[in-house]
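Hi everyone, thanks for making time. I'd like to walk you through a structure, so let me put it up on the screen.

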Amino acid sequence: MSDSAGDDTALLLEGGLTVDERCAPPALRRRFALLAAGATALVACGALARGAGAAEPTQDGAVLLHRVASLVEVGCQVLSETDPCYFSCHWAKTQGIFQHPEWYKGLIPESSLEEFQYALHKAGAPNCTQSKPCNAGPLAKKIEARVQAAAKAAAEQAAQPTPPPGPRAQTFYMYRAQSKASYPLENINTADLAGVFWYLHQEVVVATPRKYSIDRIKRYKVTVKNTWEFWNAHKRQFSAFVAYDAGGCTTPVCKDIYHQYGFVVGCQVQPLSVASYLGRHQTNWQCVAGEDKCRAPIWYSLPGPCPAKGIPNGEIDPDSTNVQVNKYKTPECTQRMPGGLCKAGQEPTGAPDCTYSYEDAGEVLLDELVGIEDYDAFWKTSFTECARKRSEGELPEDTVCRHNKEYDPDTDAGVGTDFWNGKHDKEKCAERMDKARALFKQKYPQFPEHLDEPPCEFDMYYEHEFDWKINHTGSPTPRGGGSGCEASGRQPCRGGDRVALCHPRRRWQACEWGHRHQGDQSP
């Protein structure tokens with residue numbers, strides 16, 4: 001319905017005219033306007049608009065009927081949440097358009113539910129053949145306008161020269177499950193939204209209290225452009241995922257990767273056998289087209305300065321909110337191995353020491369996501385408070401008091417909350433992710449609700465590839481402009497079982513790699 005129509009009908013309610021709810025049941029009410037889906041509704045309204053005991057409508061009643069009749073679109077339907085077409089439209093808006101955008105021409109994720117209703121009704125979708133939306137004309141014009149705009153944009157894009165192959169700058173959201181501790185996005189693992197929920201469900205909410213005092217999901221808007229050295233060898237945008245723990249890389253091959261290719265950002269697909277969280281788009285190519293595996297969760301690795309030196313095992317306090325992740329990184333090590341984070345304000349160039357940049361894009365607390373008012377009371381005192389009330393007669397004697405728990409993997413359910421119920425239920429997993437997106441949008445409207453994640457298309461490391469001659473074709477000069485060995489006056493040193501040479505395009509030496517434990521890695 002148009003805004004003017006809503007305003008017109010609202011005027012009818014002035015002057016003490018009362019409209020009974022039966023004249024406009026919930027499924028037909030919208031913004032104080034009355035929609036009548038056919039003559040039956042008009043007859044009901046007519047009866048209610050008559051004066052007491054009058055055989056004909058009163059003057060006010062006649063005006064009401066006239067105005068309502070002018071707004072009627074016979075045979076249309078305003079969907080309620082119990083209508084089969086509603087479920088089809090909701091699925092199309094929240095999942096279908098991301099999986100098969102070619103099915104929904106002229107629609108975007110931000111399109112209204114009525115626009116999806118119109119499109120499904122027009123296409124003859126089984127649940128929606130009898131569910132023509134009201135105000136169909138304007139909906140059709142809006143959808144057609146987008147179709148025309150998309151065709152124009154596609155034609156303009158086709159007219160542009162094809163960019164040459166090579167590493168591309170790609171901007172998307174990364175997420176991290178974190179406590180109130182604050183530290184930079186370096187020497188760390190992150191995830192897409194599906195990946196962070198995968199981790200929360202598998203590792204965090206199964207513990208009471210939550211593991212590592214994690215109480216929020218942090219979001220970052222990240223731009224990645226990996227090095228030409230890596231592209232020249234693999235023809236891929238992402239390198240392999242490596243694990244970080246307490247500010248240090250715990251994957252033994254880290255030194256080889258960074259020595260050979262610079263500080264490249266890596267990725268890894270997570271198995272759906274753990275939890276059924278799916279991306280909206282295809283996230284990897286390690287699958288048969290159409291399989292859920294094609295939208296599996298992704299984890300990322302972001303290399304920072306001196307990744308060889310994290311917090312020693314004996315000094316790690318996973319529950320601390322004052323984590324000094326760079327405490328054990330010497331200035332000498334940091335100079336030789338600066339990491340991939342670009343300088344503030346600089347976009348990634350694909351240089352070995354400028355492969356990614358980021359900005360903080362907000363956070364959502366787990367309590368507000370799950371619907372827990374006081375987490376300490378939820379898990380710590382709820383049982384004793386229940387027992388006290390039972391003993392003092394405030395609760396029936398047969399009340400069963402239980403210890404609250406967000407999620408129990410043995411029952412696949414929570415106690416005191418049902419938010420995490422159904423770890424392998426795709427619909428419930430999608431609903432949890434949608435709620436997080438909505439919260440981010442509500443709290444941070446200046447950011448897009450969704451940015452498409454590029455696929456994790458790393459293939460494999462080949463036998464003896466770290467002994468190959470490095471191909472620097474296309475590579476920009478590192479931001480330091482020279483060799484770290486030359487700047488420090490040091491000679492090439494031996495790191496592990498190989499010599500780290502001072503190449504003119506590389507400022508670092510792989511001289512400080514030790515062997516650390518394989519601890520917990522989390523996004």
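Let's start on the surface, where Asp412, Asp425, Glu427 and Glu431 gather in a patch of negative charge. A patch here takes residues with over 30% relative accessible area and no salt bridge, joining like charges within 9 Å and nonpolar side chains (Val, Leu, Ile, Met, Phe, Trp, Tyr) within 5 Å. Asp and Glu count as negative, Lys and Arg as positive, and His and the chain ends are not counted. Each charge is placed at NZ of Lys, CZ of Arg, CG of Asp or CD of Glu. Areas come from the Shrake-Rupley method with a 1.4 Å probe, and for residues only the protein chains shown count as cover. One of the four, Glu431, sits in helix α13, residues 426-443. Helices (H or I, at least four residues) and strands (E, at least two) are DSSP runs, numbered from the N terminus.

Before going on, a word of caution: this is a predicted model, with local features needing pLDDT of at least 70 and side-chain atom pairs pLDDT 80 or more, while totals for chains, interfaces and linings use all residues. Residues are numbered from 1 along each chain as its sequence is written, and side-chain values use heavy atoms, leaving out hydrogens and water.

Now the backbone. Thr208 and Pro209 are joined by a cis peptide bond, with omega about 0°, and Pro209 is in the loop between α7 (193-204) and β5 (216-224). Asn187 has a phi near 50°, positive although the residue is not glycine. Is Asn187 buried or exposed? Buried, at 5% relative accessible area, where buried means under 20%, exposed over 50%, and partly exposed in between, using a 1.4 Å probe and protein chains only. His464 also has a positive phi, about 65°, but His464 is exposed at 54%. You'll find His464 in the loop between α13 and α14 (484-488).

On to charges that pair up. How many salt bridges are there? The count is 18, taking a side-chain nitrogen of Lys or Arg within 4 Å of a carboxyl oxygen of Asp or Glu. In one of them, Arg280 meets Asp434 at 3.4 Å, N to O. Arg280 is in the loop between β9 (266-269) and β10 (298-302) and Asp434 is in helix α13, so this pair ties together parts 154 residues apart in sequence. Both Arg280 and Asp434 are buried. Asp292 pairs with Lys426, with the closest N and O atoms 2.8 Å apart.

Last, the disulfides. The structure holds eight, each a pair of cysteine sulfur atoms within 2.5 Å. Cys267 and Cys456 form one, with their sulfurs 2.0 Å apart. The torsion about their S-S bond is about 90°, so this disulfide is right-handed. Cys267 is in strand β9 and Cys456 in the loop between α13 and α14, 189 residues apart. Cys386 and Cys401 form another, also listed at 2.0 Å, and with -75° about the S-S bond this link is left-handed. Cys386 lies in helix α12 (residues 375-391) and Cys401 in the loop between α12 and β12 (405-408), so the bond ties parts 15 residues apart.
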